[in-house]
Amino acid sequence: MQFHHHGYLSTEPRVAAAAGTGIDRPDDLPDTMDVLIIGSGPAGAIAAAQLSQYPEVSTRLVERRPGRLELGQADGIQARSVETFQAFGFAERIIAEAYRITEMNFWGPDPENPQHIARTSRTDDDPRGVSEFPHLIVNQARVLDYYLEAAARGPARITPDYGWEFTGELTVTEDEPFPVAVTLRRTAGPEEGAERTVRAKHVYGCDGAHSRVRRAIGCTMAGDKALHAWGVMDVLYDTDFPDIRTKCAIQSHDGGSILLIPREGGYLVRMYVDLGTVAADDGGAVRDTPLEIVIAQANQILHPYTLEVRDVAWHSIYEVGHRVTDRFDDVPEGERGTRVPRVFIAGDACHTHSAKAGQGMNVSMQDGFNLAWKLGQVLSGRSPAALLDTYSAERQVVAQNLIDFDREWSSLMAKRPEELGSPDEVAEFYVRTSEFPAGFMTEYTDSMITREATGQELATGFPIGKRFKSDRVVRVSDANPLHLGHHARADGRWRLYAFADAAAPSAADSALRRWAGWLLEAPDSPVRVHTPAGADLDTLFDIKAIYQQGHHEFAITDAPEIFRSRSGPFALADYERVFATDRRDPELFDTVDIFDTRGISRDGAVVLVRPDQYVAGVFSLTDTEGLAEFFRGHLLPADHPAADAG
């Protein structure tokens, strides 16, 4: 964490100084705003946290509840989400209070006594080591607390406007300064029931599976029901089942199955209990299944073990359904490129599926992360409005992939033992597909912000379009070993990781030094073309160097000036942007060489990473023209008239 560069600070360093719209932010909901977020669920909360880093943008977040969420339904936090928490500055704190999944055990009918269950296998939760971050279980309400704290602490000081709901009335009039008119209704307080209309440049509908925003823009959900019901309950218990504090998939001989997930705190556990097939003409009657029936069914499945429920924190009945919208904004495909998207939807408003894969909250957060930085770039005048078209194009594909995965996983969980190809089929599927539920299969394709696979051979371990997979390096200035990607923050900046060629860092004519000189001084350098006049050189770009040498083999002052750029009112040099490979004594330390582990060419490479942590492209150190052209495709020149989406 870096601070003091604006003067000595003795207070909480995670609270940024208020700026722009965060100064004297009105307590009451104004009549106009740049962005109106409807719903403070996972997508809405992360969008607010990201947009709080854009104080030039006026953002309001309305929520129909009168206050914070107290009990969230979702609880599974995949490793990709924890990477995201790191970027927003609260990963360590939430890890400390969460339950950590390290193994998953599988139970099935005992071959010697099929009416009893027996443990059939144990598997590592992350058998391929896809992330250094853990798989967590923590209440959704706490996740929202952390994101909303980040939003309130950001320069724009965004806090929810509780007690407002969207009525369903929404119109778009392009010739208005604030084109979207939205009718809201008070849901709490002395003015309950009162309505008013506000106007925004953009609206983000994060209002759940029954989304009124989705209906207002004419999107429909397509998909099917699996005609299978599950009872889910969070319980405090007394039991003799030995794996009650380990994630388990349990299949009985004739009583159905349970997905058991221990909860944070050491005592609470969640169970998804198989209630069997639902008749096509059920009409939702299964949702009235009494809790006592769910508990009895759980005991039947667990036999010969017993479960005594001492308290129920929450329970529900749901039917598995798989639905996704064909677009995530208000622009029909036939009109794409002819007008600016004004209204967007996210999360359950776009995709619904079973809860057993633990994907709903996680994918919703990535929806919000994906759109929010793009809105910030456009509305602050940094990027053209065409950038907003990439949101629907990127996230709709992700949602469809999720639906396909969940359909296979949930149907597998619902099978009876005799219907499986082998007793280990469920465990084998879990191991084989582990990268997907961890959140690492998302891969964005060629667009204005993701370059086609040219240059991939220079850094094979950083697949273009996928999230930046961090690894360990040593910071030269203070000899601290750390993960390269953990230094990045969700501040809207692009990351340029410059991996050096083999020349000595002090060499006068190394490939890295020539590249750094171009970036600092050349007229076509992205830093020179796109950084506003008078702004710090790191305003839009976070530029780091990673050398092949060990940190004792050179001094930080051997690195070119661009890697120690100055910022703040005192023009202080940043000494945390130069890194070395980890060449400490391998007999004493578990060392790695990031050039080897990530397949980086010894001739060097530039790995470009988007503000939402996805690799946008890989360039050689000599391809300055390609790098400049890439940024011209989605960033406006600094001297261009502010061209926001309005």
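Reader: Which residue forms a salt bridge with Asp161, and how far apart are the closest N and O atoms?

Author: Side chains of opposite charge can pair when their charged atoms come close. A salt bridge here is a side-chain nitrogen of Lys or Arg within 4 Å of a carboxyl oxygen of Asp or Glu. Asp161 pairs with Arg60, with the closest N and O atoms 2.8 Å apart. Asp161 sits in strand E8 (residues 160-162) and Arg60 in strand E2 (residues 59-63), so the pair ties together parts that are 101 residues apart in sequence. Helices (H or I, at least four residues) and strands (E, at least two) are DSSP runs, numbered from the N terminus.

Reader: What should I know about the source before going on?

Author: This is a predicted model, in which local features need pLDDT of at least 70 and side-chain atom pairs count only at pLDDT 80 or more, while totals for chains, interfaces and linings use all residues. Residues are numbered from 1 along each chain as its sequence is written, and side-chain values use heavy atoms, with hydrogens and water left out.

Reader: Are Asp161 and Arg60 buried or exposed?

Author: Buried means under 20% relative accessible area, exposed over 50%, and partly exposed in between (1.4 Å probe, protein chains only). Both Asp161 and Arg60 are buried.

Reader: How many salt bridges does the structure hold?

Author: The structure holds 53. One of them joins Arg64 and Glu165, whose closest N and O atoms are 3.4 Å apart. Arg64 is in the loop between E2 and E3, and Glu165 is in strand E9 (residues 164-172), 101 residues away. Glu165 counts as buried because its relative accessibility is 12%. Another bridge joins the side chains of Lys374 and Glu394 at 2.8 Å, N to O. Lys374 belongs to helix H7 (residues 360-379) and Glu394 to helix H8, so this pair ties together parts 20 residues apart in sequence. Lys374 and Glu394 are both buried.

Reader: Which residues are linked in a network of salt bridges?

Author: The network links Asp491, Arg493, Arg495, Asp538, Asp542, Lys544, Asp574 and Arg577.

Reader: How many salt bridges are there between domain 1 and domain 2?

Author: Domain bounds come from an automatic or database domain assignment. That assignment gives domain 1 (20-88 + 138-222 + 323-433), domain 2 (99-136 + 225-319) and domain 3 (456-633). Between domain 1 and domain 2 the count is 2 salt bridges. Separately, Arg263 forms a salt bridge with Asp75 at 3.4 Å between the closest N and O atoms.

Reader: How many residues of domain 1 are in contact with domain 2?

Author: Contact means heavy atoms within 4.5 Å. By that test, 32 residues of domain 1 are in contact with 34 residues of domain 2. Buried area is the accessible area (1.4 Å probe) that two parts lose on being put together, summed over both. For domain 1 and domain 2 this area is about 2800 Å², with carbon and sulfur atoms giving 59%.

Reader: Is His6 buried or exposed, by its relative accessible area?

Author: His6 is exposed because its relative accessible area is 58%. His6 lies in the segment before strand E1 (32-38). Not counting residues up to four places away in sequence, His6 touches Gly568, Pro569 and Phe570. The C-alpha atoms of His6 and Phe570 are separated by 7.1 Å, although the two are 564 residues apart along the chain.
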